[in-house]
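Here is a short briefing on one protein structure. Keep the sequence and the 3D view side by side as you read.

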Amino acid sequence: RVMQMVTDPQRMTLKDPGNPDICNVFSMHKVFSSEEEVAMVDVECRRAGIGCVQCKKRLAANMNAHLEPFRERRAALAEDPDYVWDVLHDGRRRARAIARETMREVREAIGLPDIRE
């Protein structure tokens, strides 16, 4: 099943002017597109200069560009799984130390003895 992103429900044909103020895609443009492109989409949508499909394609391109550094970093990490495991183990060790101290403080605050003593 293909999911479709709802845009302006009043815009039935390419020639119908749109209202970006009620369009989910336009809201996402504000996050992933440049100010210049947001302004252009705002104007062109309202005057039916671009269609919803064009608008979505621009958004997809901008989202992909935004996410590319994350994909590159993930690919680099995938090439060195030992490093990833080392980081996870170190994080676990540090989290345990913090949790141990927090629980010691909690037991002391409520008057419970430390069960490890």
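The model is predicted.

**The core**
- In soluble globular proteins, nonpolar side chains tend to be buried together.
- Here the largest nonpolar core has eight residues.
- They are Cys23, Val25, Phe26, Val38, Val41, Ile50, Cys55 and Leu59.
- Val41 is one of the core residues.
- Leaving aside residues up to four places away in sequence, Val41 touches Phe26, His29, Ile50, Cys55 and Arg58.

**Met28**
- Met28 sits in helix α1.
- Its relative accessibility is 25%, so Met28 counts as partly exposed. Buried would mean under 20%, and exposed over 50%.
- Met28 and Arg71 are 43 residues apart in sequence. In space, their C-alpha atoms are 20 Å apart.

**Helix α4**
- Helix α4 covers residues 81-110 and has 30 residues.
- From its first C-alpha to its last, α4 reaches 43 Å. That is close to the 44 Å expected at 1.5 Å a residue.

**The surface patch**
- Which residues make a nonpolar surface patch of about 370 Å²? They are Met103, Val106, Ile110 and Leu112.
- Val106 lies in helix α4.
- Val106 counts as partly exposed because its relative accessibility is 36%.

Terms used:
Residues numbered from 1 in each chain as written. Predicted model: local features only at pLDDT ≥ 70, side-chain atom pairs only at ≥ 80, totals over all residues. Heavy atoms only, no water. Patch = residues over 30% accessible without salt bridge, like charges linked within 9 Å, V, L, I, M, F, W, Y side chains within 5 Å. Areas by Shrake-Rupley, 256 points an atom, 1.4 Å probe, with all protein chains shown as cover. Salt bridge = Lys/Arg side-chain N within 4 Å of Asp/Glu carboxyl O. Helix = DSSP H or I, 4+ residues; strand = E, 2+ residues; numbered from the N terminus. Buried < 20%, exposed > 50% of the residue type's maximum accessible area, 1.4 Å probe, protein only. Core = buried A, V, L, I, M, F, W, Y, C linked by side-chain atoms within 4.5 Å. Contact = heavy atoms within 4.5 Å. Expected span 1.5 Å × (residues − 1).
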